[in-house]
Amino acid sequence: MSIAFEESQTRVNLLRAFAGESQARNRYTFAAGLAKKEKLPVIEGVFTFTAMQEQTHAKIFYNQLKAVSGQNITIDGSYPVELWTDVLQHLRSAQHNEFQEWEHDYKGFAKTAKEEGFEHVSHIFSQIAEVERTHGERFQKFADLLEAGKLFVSDVKIQWMCLHCGYVADASIAPEICPVCRHPQGWFIRMELAPFA
(Lines give C-alpha, C1' and ligand atoms only; values in the text may rest on other atoms or scores of the structure.)
Protein backbone atom coordinates (compact mmCIF):
# COMPACT_ATOMS: atom_id res chain seq x y z
CA MET A 1 0.00 0.00 0.00
CA SER A 2 1.24 3.47 -0.81
CA ILE A 3 0.26 6.42 1.34
CA ALA A 4 1.01 10.16 1.23
CA PHE A 5 3.97 10.97 3.45
CA GLU A 6 2.05 13.80 5.14
CA GLU A 7 -0.53 11.26 6.35
CA SER A 8 1.85 8.40 7.10
CA GLN A 9 2.79 6.66 10.29
CA THR A 10 6.34 6.75 8.95
CA ARG A 11 6.60 10.52 9.45
CA VAL A 12 5.50 10.05 13.07
CA ASN A 13 8.01 7.22 13.53
CA LEU A 14 10.79 9.38 12.08
CA LEU A 15 10.04 12.13 14.59
CA ARG A 16 9.90 9.56 17.41
CA ALA A 17 13.28 8.24 16.30
CA PHE A 18 14.66 11.79 16.11
CA ALA A 19 13.42 12.48 19.65
CA GLY A 20 14.81 9.19 20.94
CA GLU A 21 18.22 9.67 19.37
CA SER A 22 18.41 13.27 20.58
CA GLN A 23 17.59 12.19 24.11
CA ALA A 24 20.05 9.29 23.98
CA ARG A 25 22.78 11.70 22.90
CA ASN A 26 22.09 13.90 25.90
CA ARG A 27 21.81 10.98 28.34
CA TYR A 28 25.15 9.64 27.11
CA THR A 29 26.75 13.05 27.40
CA PHE A 30 25.51 13.27 31.00
CA ALA A 31 26.78 9.73 31.71
CA ALA A 32 30.16 10.69 30.22
CA GLY A 33 30.30 13.56 32.72
CA LEU A 34 29.74 11.13 35.58
CA ALA A 35 32.43 8.78 34.22
CA LYS A 36 34.83 11.73 34.04
CA LYS A 37 34.01 12.64 37.64
CA GLU A 38 34.65 9.01 38.64
CA LYS A 39 38.06 9.17 36.88
CA LEU A 40 37.08 6.68 34.19
CA PRO A 41 38.14 8.41 30.95
CA VAL A 42 37.79 5.15 29.02
CA ILE A 43 34.10 4.91 29.92
CA GLU A 44 33.70 8.64 29.35
CA GLY A 45 35.08 8.04 25.85
CA VAL A 46 32.66 5.18 25.19
CA PHE A 47 29.69 7.37 26.08
CA THR A 48 31.01 10.38 24.15
CA PHE A 49 31.85 8.29 21.07
CA THR A 50 28.37 6.76 21.07
CA ALA A 51 26.69 10.13 21.74
CA MET A 52 28.25 11.52 18.56
CA GLN A 53 26.86 8.59 16.58
CA GLU A 54 23.42 9.11 18.11
CA GLN A 55 23.54 12.76 17.02
CA THR A 56 24.27 11.57 13.48
CA HIS A 57 21.32 9.18 13.61
CA ALA A 58 19.07 12.01 14.81
CA LYS A 59 20.15 14.16 11.88
CA ILE A 60 19.56 11.34 9.38
CA PHE A 61 16.02 10.76 10.71
CA TYR A 62 15.30 14.50 10.88
CA ASN A 63 16.42 15.05 7.29
CA GLN A 64 13.85 12.51 6.10
CA LEU A 65 11.12 14.90 7.30
CA LYS A 66 11.80 17.62 4.68
CA ALA A 67 8.41 17.06 3.02
CA VAL A 68 6.68 18.25 6.21
CA SER A 69 9.06 21.09 7.05
CA GLY A 70 7.26 23.93 8.80
CA GLN A 71 4.56 21.66 10.23
CA ASN A 72 4.06 20.45 13.76
CA ILE A 73 3.69 16.72 14.23
CA THR A 74 2.19 15.37 17.42
CA ILE A 75 3.90 12.24 18.69
CA ASP A 76 3.51 10.11 21.74
CA GLY A 77 6.13 7.88 23.19
CA SER A 78 7.85 6.84 26.33
CA TYR A 79 11.44 7.77 26.96
CA PRO A 80 13.69 6.67 29.83
CA VAL A 81 14.62 8.86 32.76
CA GLU A 82 18.00 7.62 33.98
CA LEU A 83 19.50 9.73 36.72
CA TRP A 84 21.73 7.00 38.08
CA THR A 85 24.52 7.78 40.51
CA ASP A 86 26.86 5.02 39.30
CA VAL A 87 28.53 4.45 35.95
CA LEU A 88 27.69 0.74 35.81
CA GLN A 89 23.95 1.44 35.94
CA HIS A 90 24.33 3.95 33.12
CA LEU A 91 26.14 1.32 31.04
CA ARG A 92 23.46 -1.30 31.73
CA SER A 93 20.64 1.14 30.95
CA ALA A 94 22.32 2.18 27.71
CA GLN A 95 22.78 -1.49 26.81
CA HIS A 96 19.07 -2.16 27.39
CA ASN A 97 17.92 0.92 25.45
CA GLU A 98 20.13 0.19 22.45
CA PHE A 99 18.90 -3.39 22.25
CA GLN A 100 15.30 -2.10 22.54
CA GLU A 101 15.85 0.17 19.53
CA TRP A 102 17.47 -2.67 17.59
CA GLU A 103 15.09 -5.53 18.38
CA HIS A 104 11.80 -3.69 18.65
CA ASP A 105 11.57 -0.02 17.70
CA TYR A 106 13.51 0.38 14.47
CA LYS A 107 12.66 -3.03 13.06
CA GLY A 108 8.99 -2.17 13.55
CA PHE A 109 9.47 1.29 12.05
CA ALA A 110 11.24 -0.27 9.04
CA LYS A 111 8.34 -2.67 8.51
CA THR A 112 5.79 0.16 8.67
CA ALA A 113 7.80 2.33 6.25
CA LYS A 114 8.03 -0.54 3.79
CA GLU A 115 4.29 -1.25 4.04
CA GLU A 116 3.55 2.44 3.44
CA GLY A 117 5.78 2.53 0.35
CA PHE A 118 8.81 4.34 1.78
CA GLU A 119 11.53 1.84 0.85
CA HIS A 120 14.39 4.30 1.39
CA VAL A 121 13.22 5.17 4.91
CA SER A 122 12.67 1.47 5.64
CA HIS A 123 16.27 0.82 4.61
CA ILE A 124 17.54 3.63 6.87
CA PHE A 125 15.63 2.25 9.86
CA SER A 126 16.99 -1.26 9.18
CA GLN A 127 20.58 -0.09 8.87
CA ILE A 128 20.48 2.11 11.96
CA ALA A 129 18.85 -0.77 13.87
CA GLU A 130 22.00 -2.79 13.24
CA VAL A 131 24.19 0.07 14.46
CA GLU A 132 22.10 0.20 17.66
CA ARG A 133 22.81 -3.51 18.15
CA THR A 134 26.53 -2.68 17.93
CA HIS A 135 26.04 0.10 20.49
CA GLY A 136 24.25 -2.31 22.84
CA GLU A 137 27.04 -4.86 22.52
CA ARG A 138 29.66 -2.16 23.18
CA PHE A 139 27.91 -0.99 26.34
CA GLN A 140 27.43 -4.60 27.45
CA LYS A 141 31.12 -5.41 27.01
CA PHE A 142 32.26 -2.44 29.09
CA ALA A 143 29.56 -3.05 31.72
CA ASP A 144 30.62 -6.71 32.02
CA LEU A 145 34.28 -5.72 32.44
CA LEU A 146 33.48 -3.04 35.01
CA GLU A 147 31.13 -5.30 36.96
CA ALA A 148 33.69 -8.13 37.04
CA GLY A 149 36.47 -5.80 38.17
CA LYS A 150 38.29 -6.50 34.90
CA LEU A 151 38.22 -3.08 33.25
CA PHE A 152 41.97 -2.74 33.88
CA VAL A 153 42.84 -6.37 34.68
CA SER A 154 43.12 -9.41 32.43
CA ASP A 155 43.57 -13.10 33.19
CA VAL A 156 46.36 -13.19 30.62
CA LYS A 157 49.01 -10.81 29.35
CA ILE A 158 47.48 -8.44 26.78
CA GLN A 159 48.18 -5.07 25.25
CA TRP A 160 46.84 -1.92 26.88
CA MET A 161 46.78 1.46 25.11
CA CYS A 162 46.88 4.80 26.85
CA LEU A 163 44.18 6.85 25.16
CA HIS A 164 45.98 10.07 26.03
CA CYS A 165 49.38 9.50 24.43
CA GLY A 166 49.11 6.14 22.62
CA TYR A 167 51.66 4.26 24.75
CA VAL A 168 51.13 0.48 24.55
CA ALA A 169 51.93 -1.81 27.48
CA ASP A 170 52.11 -5.62 27.46
CA ALA A 171 50.79 -6.76 30.84
CA SER A 172 47.94 -8.50 32.63
CA ILE A 173 47.15 -5.25 34.47
CA ALA A 174 47.04 -1.80 32.91
CA PRO A 175 49.80 0.44 34.32
CA GLU A 176 48.81 2.49 37.37
CA ILE A 177 50.45 5.50 35.72
CA CYS A 178 51.38 5.82 32.05
CA PRO A 179 55.21 5.91 31.91
CA VAL A 180 55.09 8.35 28.97
CA CYS A 181 52.41 10.97 29.72
CA ARG A 182 51.91 10.24 33.45
CA HIS A 183 48.12 9.89 33.10
CA PRO A 184 46.44 7.47 35.54
CA GLN A 185 45.20 3.95 34.83
CA GLY A 186 41.72 5.18 33.90
CA TRP A 187 43.13 6.25 30.52
CA PHE A 188 44.10 2.69 29.53
CA ILE A 189 41.98 0.49 27.32
CA ARG A 190 42.41 -3.06 26.12
CA MET A 191 43.99 -2.81 22.69
CA GLU A 192 41.22 -4.90 21.08
CA LEU A 193 38.67 -2.35 22.34
CA ALA A 194 40.62 0.75 21.31
CA PRO A 195 38.62 2.72 18.73
CA PHE A 196 41.48 3.11 16.26
CA ALA A 197 43.76 0.17 17.03
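Colleague: Which residues in H3 do Ile43, Phe47, Glu54 and Phe61 in H2 meet?
Modeller: In this predicted model, the contact of H2 with H3 comprises seven nonpolar residues, one polar and three charged. H2 contributes Ile43, Phe47, Glu54 and Phe61. Their partners in H3 are Val87, His90, Leu91, Ala94, Glu98, Glu101 and Tyr106.

Colleague: Are H2 and H3 roughly parallel or roughly antiparallel?
Modeller: The axes of H2 and H3 lie 12 Å apart, and the crossing is left-handed. The two helices pack at an angle of about 30 degrees. Because angles under 35 degrees count as roughly parallel, H2 and H3 are roughly parallel.

Colleague: Which residues does Phe47 touch, leaving aside those up to four places away in sequence?
Modeller: Phe47 belongs to the H2 side of the contact with H3. Phe47 is also listed among the residues with the most contacts inside the largest nonpolar core, together with Ile43, Leu91 and Phe142. The residues touched by Phe47 are Tyr28, Ala31, Ala32, His90, Leu91, Ala94 and Phe139.

Colleague: Which element gives the most residues to the largest nonpolar core?
Modeller: This core has 32 residues. Helices H1, H2, H3 and H4 and strands E1 and E3 each supply at least two of its residues. The element that gives the most, with six residues, is H1.

Colleague: At what angle do H1 and H4 pack?
Modeller: Thr10, Asn13, Leu14, Ala17, Glu21 and Tyr28 in H1 meet Val121, Phe125, Glu132 and Phe139 in H4. These residues divide into six nonpolar, two polar and two charged. H1 passes H4 in a left-handed crossing, with the axes 13 Å apart. The angle between H1 and H4 is about 25 degrees.

Colleague: What pattern does the protein chain follow along the sequence?
Modeller: The secondary structure comes to four helices and three strands. Read along the sequence, the pattern is α-α-α-α-β-β-β.

Colleague: What percentage of the contacts with a separation of 6 or more is between residues 24 or more positions apart?
Modeller: The C-alpha trace spans about 60 × 30 × 25 Å along its principal axes, and buried residues make up 43% of the 197 residues. Of the contacts with a separation of 6 or more, the part from residues 24 or more positions apart is 68%.

Terms used:
Residues numbered from 1 in each chain as written. Predicted model: local features only at pLDDT ≥ 70, side-chain atom pairs only at ≥ 80, totals over all residues. Heavy atoms only, no water. Core = buried A, V, L, I, M, F, W, Y, C linked by side-chain atoms within 4.5 Å. Buried < 20%, exposed > 50% of the residue type's maximum accessible area, 1.4 Å probe, protein only. Contact = heavy atoms within 4.5 Å. Axes fitted to C-alpha atoms, helices over the stretch in contact; angles between N-to-C directions. Left-handed = near helix turned anticlockwise from the far one by under 90°. Nonpolar A, V, L, I, M, F, W, Y, C, P; charged D, E, K, R; others polar. Parallel < 35°, antiparallel > 145°, perpendicular 65-115°, else oblique.
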